[in-house]
Amino acid sequence: MNAQQDAPDVEDSSPSQSATSPLRPPCERLSCHKSSVCSRSYFVVVMVFFHVYIINVIALLFYVHYSSGQEDASRSRDAPATNHQCPERPPSKPEFLREVSLTRIEGIRVGHVQRVSLIPGTVHEMRTLSLKPLLFEIPGFLSADECRVVMQLAQLKGLMESQLMVQDGQEELAKELNLSPEEIFNLLDINQDGQLQLHEILTHSRVRDGIWLTPENLREIYAGLKADKDGNDLLSLEEFKLLSNDAFQRFLLQRGVKRSQLVRNSRHTWLYQGKGAHQVLQDIKARVTRLTRLPPTLVDLSEPLQVVRYEEGGHYHAHHDSGPVYPETACTHTRLAANTSTPFETSCRYITVLFYLNSVEGGGETAFPVADNRTYDEVSLIQNDVDLLDTRRNCDRSNLRVKPTKGTAVFWYNYLSDGRGWVGEQDEYALHGGCVVTLGTKWVANKWINIDPDYQRQARYQQLVSQHPEEDDDGLTLNPDIQSPTIHQDL
């Protein structure tokens with residue numbers, strides 16, 4: 001039955017062949033198609049097996065990958081239960097997540113006026129004075145009564161000399177740092193030309209000794225110490241070695257130092273602004289917090305209010321309120337939390353708020369020598385015996401001068417932003433000084449906001465203070481009556 005049904009199928013598939021040729025045996029029919037049909041069937045079978053093999057391999061890889069992922073997940077879920085078997089070493093210092101972003105007021109352009117609400121029911125105008133540094137002026141920040149109260153409180157507490165005549169201890173510091181004369185020479189040689197020019201020595205002496213020497217004074221010292229043998233105002237390394245670390249001090253003590261030759265000629269005191277302080281002082285701190293738009297905690301943990309009086313002839317040569325922070329430098333206010341010993345400390349003052357407590361009859365302007373300059377070059381500050389840092393001689397050469405008017409406040413940023421909402425590099429354009437008072441007396445107050453550019457150190461410091469709430473501003477914060485007098489040293 002099946003054979004009969006198969007025969008017509010073969011015939012239908014090749015009708016012409018069955019009609020013209022006799023039927024061949026079955027074996028012969030198969031052999032005639034062996035080269036085409038069998039080889040094609042073999043190829044199909046091989047390809048089928050090959051694809052099945054590839055599919056199996058891929059499936060196996062997926063299985064292995066999925067199985068290993070499941071094991072890792074189960075291992076991570078079981079980690080807390082088996083943590084006693086493989087404990088991890090805890091970090092030496094806790095890392096704090098960045099939770100605070102510092103608000104930074106935009107200056108827009110020079111002369112731009114913004115309206116700010118600092119006192120309920122009162123609107124103040126804030127004008128942009130410069131963009132480098134970012135500097136603002138707020139007339140009427142303090143009332144006449146508030147200015148009077150602050151001056152009276154300062155007088156009641158008593159004012160001290162802002163600077164000693166000649167500072168000691170430089171020899172011990174040099175020994176502690178263990179610097180050779182060659183290393184000191186290279187540090188002072190700003191342009192690395194192998195010779196020390198007058199301005200390079202002057203900068204070093206002013207910072208180290210606190211004495212404001214002019215180029216003429218320096219030439220006199222060279223002659224007295226027989227340091228500059230060829231008289232070209234340049235010191236080679238061999239000539240520099242003739243000057244010991246305290247040679248300047250010994251010479252100046254012998255010839256005498258006038259108050260006008262100091263970097264700063266004034267008297268000052270510090271007024272506590274925490275709980276229990278006079279209401280005017282607390283109000284000023286709250287107003288500063290609203291002005292700067294910073295978290296109140298940062299303002300509370302900053303330095304107290306400094307009140308300064310300049311008599312006639314008083315001055316403060318150009319300087320920076322804050323210094324650059326390097327890996328080997330610690331901020332003064334967070335040194336307890338730094339947990340490291342560093343040979344250098346600096347006052348990390350993110351913002352300066354300066355209040356004029358009276359209107360000065362003559363002189364006393366606040367000068368910004370390089371405000372809004374295109375570039376900042378320390379070497380060019382002293383050229384051809386013209387010293388832009390000298391506020392007794394060259395205040396009129398400063399790019400910007402602010403006249404002291406009672407109740408007016410000016411504030412500026414001493415640091416740039418790091419672009420991520422925190423403190424960045426020092427703003428060198430924030431160089432400023434107090435011009436000499438030519439007539440009358442000048443009263444000012446300073447409120448500095450201390451923030452460490454190292455966020456971790458600042459966070460550890462705030463955590464440390466929060467663990468001692470009973471000490472508040474009297475203990476771990478910057479209180480000059482308890483801590484060392486160098487804490488509030490102006491750079």
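What is the handedness of the disulfide of C395 and C435, and why? The torsion about its S-S bond is about -90 degrees, so the disulfide is left-handed.

The legends below describe a predicted model, in which local features need pLDDT of at least 70 and side-chain atom pairs count only at pLDDT 80 or more, whereas totals for chains, interfaces and linings use all residues. Residues are numbered from 1 along each chain as its sequence is written, and side-chain values use heavy atoms, with hydrogens and water left out.

**Figure 1. The disulfide of C395 and C435.** A disulfide is a covalent bond between the sulfur atoms of two cysteines; here the term is applied to a pair of cysteine sulfur atoms within 2.5 Å. The sulfur atoms of C395 and C435 are 1.8 Å apart. C395 lies in the loop between β15 (386-387) and β16 (400-402), and C435 in the loop between β20 and β21 (437-439), so the bond ties together parts that are 40 residues apart in sequence. Strands are DSSP runs of E with at least two residues, numbered from the N terminus. Both C395 and C435 are buried, meaning under 20% relative accessible area with a 1.4 Å probe and protein chains only.

**Figure 2. The disulfide of C331 and C348.** In this pair the sulfur atoms are 1.9 Å apart. The S-S torsion of C331 and C348 is about -80 degrees, so this disulfide is left-handed. C331 belongs to strand β9 (residues 329-331), while C348 is in the loop between β10 (344-346) and β11 (349-356), 17 residues away. C331 and C348 are both buried. The count comes to 2 disulfides, and numbering the bonded cysteines in sequence order gives the pairing 1-2, 3-4.

Figure 3. D427 is found in the loop between β19 (423-426) and β20 (432-434). This residue is buried yet has no salt bridge, and the nearest side chain of opposite charge, R104, is 5.2 Å away. A salt bridge requires a side-chain nitrogen of Lys or Arg within 4 Å of a carboxyl oxygen of Asp or Glu. A polar atom of the D427 side chain lies 3.1 Å from the backbone nitrogen of Y429. Neighbours within four places in sequence aside, D427 is in contact (heavy atoms within 4.5 Å) with residues including P133, H320 and Y413.

**Figure 4. The five-stranded sheet.** An open sheet of 5 strands has the order β5-β8-β20-β13-β16, with antiparallel pairing. Two strands pair if DSSP finds at least two bridges between them. At the edges are β5 (264-265) and β16, each of which pairs on one side only. Strand β13 (residues 366-368) is joined to β20 by 2 bridges, and A367 stands opposite G433 in β20.

**Figure 5. The nine-stranded sheet.** Here 9 strands form an open sheet in the order β1-β2-β3-β17-β11-β22-β7-β6-β4, with antiparallel pairing. The edge strands β1 (113-119) and β4 (160-161) each have a single partner strand, so one side of each is left without a neighbour in the sheet. Between β1 and strand β2 (residues 122-130) there are 5 bridges, and V116 stands opposite H124 in β2.

**Figure 6. V379 in its loop.** V379 is placed in the loop between β13 and β14 (382-383), and at 18% relative accessibility this residue counts as buried. Residues up to four places away in sequence not counted, V379 touches I190 and H199. The C-alpha atoms of V379 and T203 are separated by 9.9 Å, although these residues are 176 residues apart along the chain.

Definitions and conventions:
Helix = DSSP H or I, 4+ residues; strand = E, 2+ residues; numbered from the N terminus. Buried < 20%, exposed > 50% of the residue type's maximum accessible area, 1.4 Å probe, protein only. Lys, Arg positive; Asp, Glu negative; His and termini not counted. Polar contact = N/O pair within 3.5 Å; in protein donor to acceptor, adjacent residues only side chain to side chain.
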